[in-house]
Amino acid sequence: MSGIISAIGFCNNTGPGDLSTLDASLRAVANTGADACEIGIYGEEIIAGGRVIEERLARVAAIASNYRFRKLSLHGQIVSNFMDRENLHLQKGVVRAMLELCDRLGAGVLVHHCGSAQLTEGVTPADLDQMEREALFEMAEVAKTYGTRIVLENIFTTEPGQYRQTPTQVAETVRAVGHANLAALIDFGHAYIESRYKGLDFRAELRAMADVTGHLHVHDNFGLPYTTKTFYHRAEATALGIGDLHLPLGWGDIAWEDIFSELTFLPDTTLIMEIGAERFAAEQPACLERARKLADLVNARSMAA
């Protein structure tokens, strides 16, 4: 595949931290016929205090070398947060180590979550934005030495009083940093939830991000914020349609064909479906087929332009 969207695949199933499931999870992605994989490296005990554990890295490298994905990306810490003033030096240390992992494992992209903080007296959104932007530029300079790109992922508000950038604001951050080794990552499911929560135009938020976006996270939901978080099994959340469900395409109500008929992205964008085999192995082949058709909508329009 070539064009704007150049590779399509899945995230792997993140294991318990001891590398015991890594090989099987990568094999599961490869067996779908996907040509891209995103490793949830944050879930493996491979970094300690900002330092790469060499023995663990050697084991990961040996496992990953068995698979020849066209595009490999690593998902950084879920708790990555460049608005975390108290722990900022620790946060940056982990991202440095993650970028080293990208280089040594042949991954061209590191996924990094956009920041968040509680707004308290003396803390303004502008201050938080500036702190994040300075850290992102510093880390993008590190990424440049490895030939790796950091992609900044939009998340959604998780608690009252929290400052969390909207998708539009994430795009503004990427533009403000203005570094070739930093791009945006559209997570469509997250954008849908945040748009509904804040009363924003979902499609307009996607449009605001698209032209600085070089990585996609695709999974379905109903855009319903967490009006309850108590579930005894994750299937109950699915039944209710509440929250960040990571469903197969078509199980929620995101208008995928309409969206991909309109948007375009940076060249050489990877589309990763965060639809894990631990829940939806039977649905993954159909999702891959549909994702390829979505990519064709973008790529054909780009070639015709």
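This report describes the pockets, helices, nonpolar cores and selected loop residues of a predicted model.

## Basis of the report

Because the model is predicted, local features need pLDDT of at least 70 and side-chain atom pairs count only at pLDDT 80 or more, while totals for chains, interfaces and linings use all residues. Residues are numbered from 1 along each chain as its sequence is written, and side-chain values use heavy atoms, with hydrogens and water left out.

## Pockets

Rolling a probe the size of a water molecule over the atoms shows where empty space is left. A pocket is an open set of points on a 1 Å grid over the protein atoms alone, where a 1.4 Å probe fits, with protein on both sides within 12 Å along at least five of seven lines; lining residues have an atom within 4 Å of a point. A volume is the space filled by probe spheres set on the points, which are joined across faces, edges and corners.

The largest pocket holds about 490 Å³ of space. It is lined by 22 residues, of which Cys11, Tyr42, Ile78, His246 and Glu274 are the closest to its centre. Its lining has 6 nonpolar, 9 polar and 7 charged residues; here Ala, Val, Leu, Ile, Met, Phe, Trp, Tyr, Cys and Pro count as nonpolar, Asp, Glu, Lys and Arg as charged, and the others, Gly among them, as polar. The second largest pocket has a volume of about 150 Å³. Among the residues in its lining are Ile78, His113, Cys114 and Arg164, and by class there are 4 nonpolar, 5 polar and 1 charged residues.

Helices (H or I, at least four residues) and strands (E, at least two) are DSSP runs, numbered from the N terminus. Buried means under 20% relative accessible area, exposed over 50%, and partly exposed in between, with a 1.4 Å probe and protein chains only.

In H1, the residues Leu22, Ser25, Leu26 and Val29 are buried. They lie on the same side of H1 because they cover an arc of only 95° around the axis, the arc being that of the directions from the helix axis to the C-beta atoms. Their cover includes strand E1 (5–11), E2 and H2, where contact means heavy atoms within 4.5 Å.

Helix H2 (residues 54–64) has Arg56, Leu57, Val60, Ile63 and Ala64 buried. These residues cover an arc of only 125° around the axis, so they are on the same side of H2. Helix H1 (22–31), strand E4 (51–52) and helix H3 (88–105) are included in what covers them.

## Nonpolar cores

A nonpolar core is a set of buried Ala, Val, Leu, Ile, Met, Phe, Trp, Tyr and Cys residues joined through side-chain atoms within 4.5 Å. The largest has 88 residues, and Ile5, Phe188, Phe260, Phe265 and Met273 have the most contacts inside it. H3 gives the most to this core, with 9 residues. A second, separate core of 5 residues includes Val109, Val151, Ala183 and Leu185.

## Loop residues

Ala34 lies in the loop between H1 and strand E2 (36–39) and counts as buried at 10% relative accessibility. Not counting residues up to four places away in sequence, Ala34 touches Ile8, Gly9, Phe10, Val29, Phe69 and Leu288.

Most residues other than glycine have a negative phi. Leu19, however, has a positive phi of about 70°. Leu19 lies in the loop between E1 and H1 and is buried, at 5% relative accessibility. Asp268 also has a positive phi, near 65°; Asp268 is partly exposed, with a relative accessible area of 43%.
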